[in-house]
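Please look at how the strands pair in this model, and then at the open space between its parts. The sequence and structure are shown below.

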Amino acid sequence: MTEASNGKTVRPGEVALSFDPARIAADAQLRFIGRLRSPWSQGNCPKNLREAREAGGAFQAEIDLPFRPGLLGLERGQPVILLYWTGRARRDMIVLNPPHRDGPTGVFALRAPARPNPIAMGVVRLLEIDRTAGLLTFDALDAFDGTPLLDIKPWLPSVDVPPPYG
């Protein structure tokens with residue numbers, strides 16, 4: 001481990017930006033629509049949804065009151081895409097050297113939370129809906145309890161499965 005110019009540690013082969021995108025960005029106006037509820041915190045969070053499903057637990061989203069009408073049309077059992085803000089992650093990393101890879105890899109080829117814009121994505125199954133209370137229950141989440149939720153989108157096989165390559 002070495003130290004980057006900002007005093008944070010990096011693994012061999014990793015590259016940090018010379019600036020923190022969070023400190024200079026003024027071009028996006030985001031509004032969180034709610035928060036995720038999970039049993040996870042710093043130190044015990046699964047690295048991906050597969051691990052979260054294997055571990056099990058209670059997984060929900062609490063949708064803020066003004067956004068609850070947007071739940072109309074969602075159905076129990078439906079797969080949905082969640083976009084959430086991993087704001088505690090580093091934003092200055094552009095190349096990471098994760099233990100599960102053979103060497104340094106650009107953040108755009110990884111799902112690591114450390115990236116210029118710490119937006120995570122998960123495709124989960126919607127198990128229960130309480131539109132009045134704004135509570136959605138899912139089969140898994142790989143985010144800390146209280147993680148801000150940016151958006152929910154339906155997962156559509158006719159749109160979200162790319163055609164064969166070549």
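Strand β6 (residues 79-85) runs antiparallel to strand β9 (residues 119-130), and 7 bridges join the two. Strands here are DSSP runs of E of at least two residues, helices are runs of H or I of at least four, and both are numbered from the N terminus; two strands pair if DSSP finds at least two bridges between them. W85 has I119 in β9 as its bridge partner.

The model is predicted, so local features need pLDDT of at least 70 and side-chain atom pairs pLDDT 80 or more, while totals for chains, interfaces and linings use all residues. Residues are numbered from 1 along each chain as its sequence is written, and side-chain values use heavy atoms, without hydrogens and water.

β9 also pairs with strand β10 (residues 135-138), again in the antiparallel sense, over 4 bridges. I129 is bridged to L136 in β10. These two strands form a hairpin with 4 residues between them, and G134 in the turn has a positive phi of about 70°.

β9 also takes part in the lining of the largest pocket, giving 3 residues, the largest share. A pocket is an open set of points on a 1 Å grid over the protein atoms alone, where a 1.4 Å probe fits and protein lies on both sides within 12 Å along at least five of seven lines; lining residues have an atom within 4 Å of a point. The largest pocket holds about 1,500 Å³ of space, the volume being that filled by probe spheres set on the points, which are joined across faces, edges and corners. Its lining counts 45 residues, with K47, R111, A112, P113 and A114 nearest the centre. Elements giving two or more residues to this lining include α2 (49-55) and β6.
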